[in-house]
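Okay, thanks for coming, everyone. I'd like to walk you through one structure today, so let me put it up on the screen.

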Amino acid sequence: MSRHLLTEIYQRLLDRYGPQHWWPGQSRFEIILGAILTQNTNWTNVEKAIANLRKNDCLSPEKLHALTAVQIAPLIRPAGYFNQKSTRLKLFLDWLFDNYDGEVDELAELPTSTLREQLLTLKGIGPETADSICLYAFDKPIFVIDAYTARVFGRHGLIEPGCGYSDIQELFHSSFDHNVQLFNEYHALIVQVGKQHCKRRPNCQGCPLEDLPHQLETEMF
DNA sequence: GACCAGGCACATC
DNA sequence: GATGTGCATGGT
C-alpha cells in the first residue's frame, strides 16, 4: 500500500474525529499501567482500576512495588483478568526495580529497539503492549498495531488476509519515516473509527473510509 | 442474556 | 506455524 493512500486515510480520520490527545494518563508510569490493564479490556474499566490505585495511593512505582500480586489484584478488579494482570504488573515492577532502580525515566534513555526487546522479555507484555509503552510513554517512533488496525484495514481490503503484526507495522514504518506525532495520532484515530464502524459486527453507515476500494483502484493508474 | 472490549501465554496439532 | 482456549469485569 502506498504512502499516498495511508496519508489519505489519515487525513480523512483526522478531519472526521479531530486530534485524540492520546495516551490518557498523567505520567509515564500511569501510561504503562494502563497499557497492561487495557489488554483485551474496555478503557472505561481500566479507568476504574486506575482510579482505585490512585485512591489507595498506589500510583507510584515505589508504592505498587511494595504490594504483592495478591494485594494488587482486588485494586484492579474492574479491569478484568485481575489475577493475570496483577501478576503482570508485579513482574514489570520487579524488573524495573531489579534493573533500573525503580526509575521509569531511566527506560527513556534506552535505544528504542533495546527498550522494546527488554519489554518483550517480560511475561505479560506482548507486541502491542510493548509498542504502546514505547510510543505513548516514551515517545519512541513505533507504530502500535491492535485488533482494530487489522480489522479496519482488513475490511477495506487494504491488507492481505494473512497479514501478521509485524507485516502491518512495517507498512506504517516504511511509509512515514518514524514520525512520533503522526504514529501517536494515527493509531488513536484507527481505534476511534474502529469503535464507530468496524466492530466485529460492522456498521459501515457513514464510515469515513467507505469508498476506499474505489480510491485504491484509481490510484493504480 | 448475549455480545464485546485498545492481548497474552500456553497447549495442541 | 497456525489454531484453540483460559483469563473476568462492566457497558450496551
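Quite a list of its residues is buried: Phe183, Asn184, Glu185, Tyr186, His187, Leu189, Ile190 and Val191. Before I go on, keep in mind that this is a predicted model.

So what covers those buried residues of α12? The cover includes α1 (3–17), α9 and α10 (147–155). And a quick check on the helix itself: α12 runs over residues 180–197, so 18 residues, and at 1.5 Å a residue it should span 26 Å. Its end C-alpha atoms are 26 Å apart, which agrees.

In soluble globular proteins, nonpolar side chains tend to be buried together. Here the largest nonpolar core has 52 residues, and the ones touching the most other members are Ile32, Ile36, Leu37, Ala49, Leu89, Ile133 and Cys134. Helix α9, residues 127–138, supplies the largest share, seven residues. Why does this core lie between domain 1 and domain 2? Because both of them give residues to it: domain 1 is 3–21 plus 143–219, and domain 2 is 28–138.

Take Leu89 as an example: leaving out residues up to four places away in sequence, Leu89 touches Leu33, Ile36, Leu64 and Ile72.

How values were computed:
Residues are numbered from 1 along each chain as its sequence is written. Chains are lettered from A and ligands numbered from 1 in the order in which they are written. This is a predicted model: local features need pLDDT of at least 70, side-chain atom pairs count only at pLDDT 80 or more; totals for chains, interfaces and linings use all residues. A nonpolar core is a set of buried Ala, Val, Leu, Ile, Met, Phe, Trp, Tyr and Cys residues joined through C-beta atoms within 7 Å. A residue is buried if 20 or more other C-beta atoms lie within 10 Å of its own, exposed if 12 or fewer, and partly exposed in between; C-beta atoms are placed from the backbone. Helices (H or I, at least four residues) and strands (E, at least two) are DSSP runs, numbered from the N terminus. Domain bounds come from an automatic or database domain assignment. Two residues are in contact if their C-beta atoms, placed from the backbone, lie within 7 Å. The expected span of a helix is 1.5 Å times one less than its number of residues.
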